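Here are my notes on the model you sent over.

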Amino acid sequence: MIKIGLTMRVVLVTLGAVIMTAFAVHSLSFNEHKALYTRTALLNLDALSENLSHSLLPAMSNNPDIPSIATTLLQLDRLETILFAIVLDQQGTEVFRYVNQSHHSQSSEEIIPNTIMHSEYGTFLQEYIAISRKIIGEEQYKVGTLVVVTDLKPPMILANNLYGEKVIPLLIVLAGVISIFAYLMQNRVLLRLKKLTQHVANIREKQIELSKYTDSGDDEIGLLSKGINDFVERININNDKLERQYSQLEKRQRELEYLANYDVLTGLANRKLVQELLKNYLEKSSRDNSELVLLFMDLDDFKNVNDTLGHEVGDKLIVAVSNRLKMIVRKADVLARLGGDEFLIVLPDLESLEAVMAILARIKESFNKSFSLDEYEVSSSFSIGLATASNANYNPETLLRNADLAMYQAKRQGKGQYVFFEHALHLKVIRAQEIAMSIKGGLKNNELYLVYQPKVNGKGRIVGLEALVRWEHPNLGPLSPVEFIEAAERAGLVSHITEFVLKTAISDILTLKSMHNLSLSISINLSAHDVKDNLIRELIRSELTKSALNNNIEFEITETAYLEDFIDVETFMSELQSIGCSVALDDFGTGYSSLSYLTKLSIQTLKVDRQFIVNMEKSNKDMAVVQTIILLAKSLGLVVCAEGVETKEQFDMLERISCDIYQGYYFYKPKKLTELLAENVFSINELNKSKNV
Ligand code: C2E
Ligand code: CA
Ligand code: CA
């Protein structure tokens, strides 16, 4: 549809109104004009025929005098409108007919029906034809009748034309002038409105900047544009404000995105981002049938650095380590920090295992050099678990879990080790989960029990018992404590076992005291998790207070557990010592090789690990190590206990280098208390001790 602008519409309406008015005026005056003309013509005709009838009276008084009639009627020649005139005698018979010579075309019969000849007298109009019938003579002495017929059409058309020629152009000119005037007038107002409308439309469509509109008028339009300007200004101010807020928001958004995806300390990808990337890489890898390897890396001894050198140095180590890793990885690889001391490297598109081995070698090599952090020189290494995408069915969670499992396995093998994931590891995890799930039930159903392994002095006299837990699992059979303690630790359930061991040991000490008059020291193994667990620490305190057997209880804690959380463990151990318990450092020699820290620990006894005792006979070096340990321990006022003594030779050698206490199959295997009592081991003569029982 054609859109007509406001100005045009106003002009068209005005023009229409002018034309209609002009037409109305014109037709009104035209009709008036026509009526006036007709009336005048009829009056003239009436007067003319009246005169003629008088003039004809003498010629009609006796017998009609035709020449005289003709002479009279010939006067009509001057009058163009006269069609014809007819003279009838007394009886109504036509005696003479005058026909105007200028009207040949029509005969009187055509124009006047015969009836008119005999209709009433007078002057009247029939269409454009005016007819006058007059009596010749007096009404009572009528001598004849005169009929005069005129045609008013030509003069009327002429008059009309004349009228039209003059009036209509005038009207047209008038309408044109009025229209132009209207147009100009409207334009003055409407143009401004139009401009304003366009301005508003532009603003709406944002085609232009929100600029001001200038209209100097002080009428409504001026006010309107001023109002719009005020609006625009307010919008501009708000826009500026919004824009500033928006850019601030954008900046915050970018910061948040960065925080959400990157590790602030190292600038590496974080857990979230690497998980997303891993997902994409695995999808691609699965599509292309290419191999991807994930390295799960955990810094060795990081906690120790944090605890002994402070978190600031710890953070610096993490940054330094990540910088070294950045130099090692290839462009296509992804390096990420999972948090704490855990890092991930994704190696996509691997052609062969060699590339992986090369990276492992480079990592190992780059960690040969220690890190200079402030005034400290810190050596570090990674335990690395590796897993392949194909082995994990290209599932990111599985891949991550597999690499984690392998890393865990590497940790167990010592520092700086790497382990490739294999499915046996997974089976182990599933078994560990089953074990962990049945711990609480097992304790409730009395599936767990204690055995005791006596410790003897150089003379073979039992000086104490080590409580060792056993589990007869209904589905899995007898379980090694090494396995189920680890499973319990991983599941956070080891404190339940410790609680059981402590309570059982305490009740066994009481039995020994009351029924056998024996006051023996019982050693209880604490897990690394126990010493960090406030609940179990509190339980130990309350059980000790309740039983008042502090002097009969020794706690064994491995050096790894002790040093992993040095400050915490040290606090708790010195607390236990201060209330009369003793503390032994278990498995000594398997963890930290530095001896210097020994002076800092609150312990009474050092238990030399079985691995040194086993090798002592064959290796002079091991013999020397054990000798040094014993010398050092003695100089620190510590008691030394040799673990895992299996032969007389081992015992003799240890005796020679002044070991204090012995524990091992050579003397006693761990047994139930009832069995030990039944064998009467506690009253055996000191002279026959050095024999396997
Ligand atoms: P451990 O504390 O070093 O305990 C000594 C382990 O060496 C015991 O193994 C014991 O049976 C074994 N043993 C003793 N003498 C000899 C010997 O002459 N030769 C050989 N080959 N082995 C000997 P067990 O009972 O299997 O315990 C293994 C580990 O399980 C323990 O090592 C300890 O770390 C953990 N464990 C055992 N019971 C508990 C417990 O109640 N709580 C905690 N947290 N851990 C426990
Ligand atoms: Ca032990
Ligand atoms: Ca041990």
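1. Are Phe367 and Phe371 buried or exposed? Both of these phenylalanines are buried. Bear in mind while reading on that this is a predicted model.

2. A word on confidence before the details. Mean pLDDT for the protein comes to 88, and 94% of the residues reach 70 or more. The stretch to treat with care is residues 685–693, where pLDDT stays under 50. For that stretch the model has 20 contacts beyond four places in sequence.

3. Back to the aromatics. Twelve aromatic pairs turn up in the count. One of them joins Phe367 and Phe371 edge-to-face, with 5.6 Å centre to centre and 65° between the planes. Phe367 also pairs with Phe382, again edge-to-face, at 5.2 Å centre to centre and 65° between the planes. Phe382 is buried, as is Phe367.

4. Which residues do the ring pairs link into a cluster with Phe367? The cluster is made up of Phe343, Phe367, Phe371 and Phe382. Have a look at Arg324 here too: its charged end sits over the ring of Phe371, 3.7 Å from the ring centre.

5. Five strands form an open sheet in the order β2-β1-β5-β4-β3, and the pairing is antiparallel. At the edges are β2 (94–99) and β3 (122–126), each of which pairs on one side only. From one strand to the next, the twist averages 15°.

6. β3 is joined to strand β4 (residues 129–137) by five bridges, and the two run antiparallel. Gln126 stands opposite Ile129 in β4. Another charge-over-ring arrangement worth a look is Arg133 with Tyr121: the charged end of Arg133 sits over the tyrosine ring, 4.6 Å from its centre.

7. Leaving aside residues up to four places away in sequence, Leu335 touches Leu268, Ala269, Ser322, Leu325, Lys326, Val329, Leu344 and Ile345. How far apart are the C-alpha atoms of Leu335 and Leu268? They are separated by 6.6 Å, although the two residues are 67 residues apart along the chain.

8. Last, some parallel pairing. Strand β14 (residues 462–473) pairs with strand β16 (residues 521–525) in the parallel sense, over three bridges. Within that pairing, Glu466 has Ser523 in β16 as its bridge partner. β16 is also joined to strand β17 (residues 553–558), by four bridges, and these two run parallel as well. There, Ile522 has Ile553 in β17 as its bridge partner.

Technical notes. Residues are numbered from 1 along each chain as its sequence is written. Chains are lettered from A and ligands numbered from 1 in the order in which they are written. This is a predicted model: local features need pLDDT of at least 70, side-chain atom pairs count only at pLDDT 80 or more; totals for chains, interfaces and linings use all residues. Side-chain values use heavy atoms; hydrogens and water are left out. pLDDT is the predictor's confidence in each residue, from 0 to 100. Contact means heavy atoms within 4.5 Å. Two strands pair if DSSP finds at least two bridges between them. Axes are lines fitted to C-alpha atoms, for helices over the stretch in contact, and angles run from 0 to 180 degrees between N-to-C directions. Rings of Phe, Tyr and Trp (its six-membered ring) pair if their centres lie within 6.5 Å; planes under 30 degrees apart count as stacked, over 60 as edge-to-face and the rest as tilted. Buried means under 20% relative accessible area, exposed over 50%, partly exposed in between (1.4 Å probe, protein chains only). A charge sits over a ring if NZ of Lys or CZ of Arg is within 6 Å of the ring centre and within 35 degrees of the ring normal.
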